[in-house]
Amino acid sequence: MNILAIETSCDETSVAIIKDGHKEIATTILSQMNTHAVFGGVVPEIASRMHIENITIVIEDVLKKANMKLTDIDAFAVTYGPGLIGSLLVGLMAAKTLAFIYNKPLIPVHHIAGHIYANNLVKPLEFPLMALVVSGGHTELIYMKEHYNFQSLGSTLDDAVGEAYDKVARVINVPYPGGPLVDKLAHQGNDSYNLPLPLNDDSYNSSFSGLKSAVINLVHNEKQKGNAIIPENMAASFQNRVVEILTKKTMHALKDYNVKNLIVAGGVAANKGLRESLTKECITNNINLIIPEIKYCTDNAAMIGAAAYYAYKRGDQADLNLNAKAVETLK
Ligand code: KG4
Ligand code: ZN
């Protein structure tokens with residue numbers, strides 16, 4: 001089954017063709033990052049307009065790469081949420097139009113299901129599994145006993161981890177997008193600042209706004225005293241707390257649910273510190289760890305095409321009334 005998938009939930013216009021939920025035939029990603037970087041973050045109105053300009057170009061490009069025609073496609077899939085509403089609507093309209101013209105199924109995919117199924121492009125998922133979803137909008141531990149069955153065990157009570165990275169980046173003068181650069185700096189510095197380990201309890205929930213505020217307060221206090229902070233050391237201290245708490249909660253959930261498979265998903269899965277820490281703990285505890293290659297960690301349509309195959313098998317199919325959802329829980 002060849003699925004053409006469209007992802008436009010944020011600032012990447014991406015289209016992919018995926019066969020049977022695991023084989024990537026072709027993917028194109030057109031990033032708007034340089035346009036938004038000038039503003040220090042994604043500007044929703046600009047993002048929507050750029051998706052409109054780019055969507056047909058990206059669809060044509062992926063078909064050309066795959067050496068396929070639209071008549072070779074068996075179904076059309078699209079991210080319907082969560083995300084920026086204007087951006088989502090562009091992808092949704094494109095997918096609806098194609099499904100209507102070619103009279104093929106329209107498969108709605110939740111963005112986080114996509115991040116999880118990015119792992120299926122690397123290796124078939126083995127169940128039961130635990131998914132640690134860490135991105136700019138999500139921090140969640142999800143238990144899956146079988147394909148396309150999601151049970152949320154806990155999530156962030158405030159900021160998502162990627163969001164905290166991006167805000168910390170700003171106060172230590174690291175340009176947008178902050179996460180990857182803070183990660184890089186963290187490896188050049190020492191954990192010298194006294195920052196709290198956030199929500200260090202037995203729940204599967206997390207919290208990052210207190211840790212973020214601790215960084216902001218420290219930077220301001222030092223500034224008032226006329227002292228400069230050392231960005232590398234602040235990045236290392238912040239990253240160590242984040243990695244320690246995420247590793248602790250994840251290992252705790254794996255033990256409680258007696259699960260031996262762990263997958264990590266979302267943009268922050270690209271984080272070197274988190275990868276190193278989870279790899280070490282998983283070896284010690286005999287857990288099978290899968291983390292996708294960096295290109296599958298951040299937003300892309302290949303992951304949507306992979307998830308769509310299993311969504312379709314579960315019976316998820318939409319008609320032309322399908323609407324975009326800015327906020328939506330994964331079910
Ligand atoms: O999954 P994603 O591409 O978009 C969302 O669905 O949110 O994740 C983007 C987030 C951003 O906050 C970015 O700063 C963060 O992932 N990120 C990282 C790293 N690479 C991306 N955060 C920490 N370390 C990284 N290496
Ligand atoms: Zn994402």
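Begin by selecting Glu 163 and Lys 167, which form a salt bridge whose closest N and O atoms are 3.2 Å apart. A salt bridge here is a side-chain nitrogen of Lys or Arg within 4 Å of a carboxyl oxygen of Asp or Glu. Because the two residues are four apart in helix H5 (residues 161-171), Glu 163 and Lys 167 are separated by about one helical turn. The structure holds 11 salt bridges.

The model is predicted: local features need pLDDT of at least 70 and side-chain atom pairs count only at pLDDT 80 or more, whereas totals for chains, interfaces and linings use all residues. Residues are numbered from 1 along each chain as its sequence is written, chains are lettered from A and ligands numbered from 1 in the order in which they are written, and side-chain values use heavy atoms, with hydrogens and water left out. Helices (H or I, at least four residues) and strands (E, at least two) are DSSP runs, numbered from the N terminus.

**From H5 to H6**

Next, select the loop between H5 and H6, where Asn 173 lies. Asn 173 has a positive phi of about 60°, although it is not a glycine. Pro 177 lies in the loop between H5 and helix H6 (178-186), and a cis peptide bond with omega of about -5° joins Tyr 176 to Pro 177. For context, most residues other than glycine have a negative phi, and most peptide bonds are trans.

A further cis peptide bond joins Phe 127 and Pro 128, again with omega of about -5°. Pro 128 belongs to the loop between helix H4 (111-117) and E6.

Six bridges link strand E6 (residues 129-134) to strand E7 (residues 139-144) in the antiparallel sense. Within this pair, Met 130 stands opposite Tyr 143 in E7.

**Ligand 1**

Select ligand 1 and the residues near it, meaning those with a heavy atom within 4 Å. Ligand 1 is surrounded by 18 residues, the closest being Gly 136, Asp 166, Asp 183, Gly 267 and Asn 271. Display its polar contacts, which are pairs of N or O atoms within 3.5 Å. A polar backbone atom of Gly 136 is 2.8 Å from an oxygen atom of ligand 1. At 3.2 Å from a ligand 1 oxygen atom is an N or O atom in the side chain of His 111, and a backbone N or O atom of Gly 179 also lies 3.2 Å from an oxygen atom of ligand 1. Taken alone, ligand 1 exposes 550 Å², of which the protein buries 86%; these accessible areas come from the Shrake-Rupley method with a 1.4 Å probe.

**The sheet containing E1**

Finally, select the open sheet of five strands with the order E3-E2-E1-E4-E5 and mixed pairing. Its edge strands, E3 (23-31) and E5 (106-110), each pair on one side only. Eight bridges join strand E2 (residues 12-19) to E3 in an antiparallel arrangement, and Thr 13 has Leu 30 in E3 as its bridge partner. Helix H3 (residues 85-102) lies across E1, strand E4 (75-81) and E5, at about 155° to E4.

Terms used: Pairing = 2+ DSSP bridges. Contact = heavy atoms within 4.5 Å. Axes fitted to C-alpha atoms, helices over the stretch in contact; angles between N-to-C directions. Polar contact = N/O pair within 3.5 Å; in protein donor to acceptor, adjacent residues only side chain to side chain.
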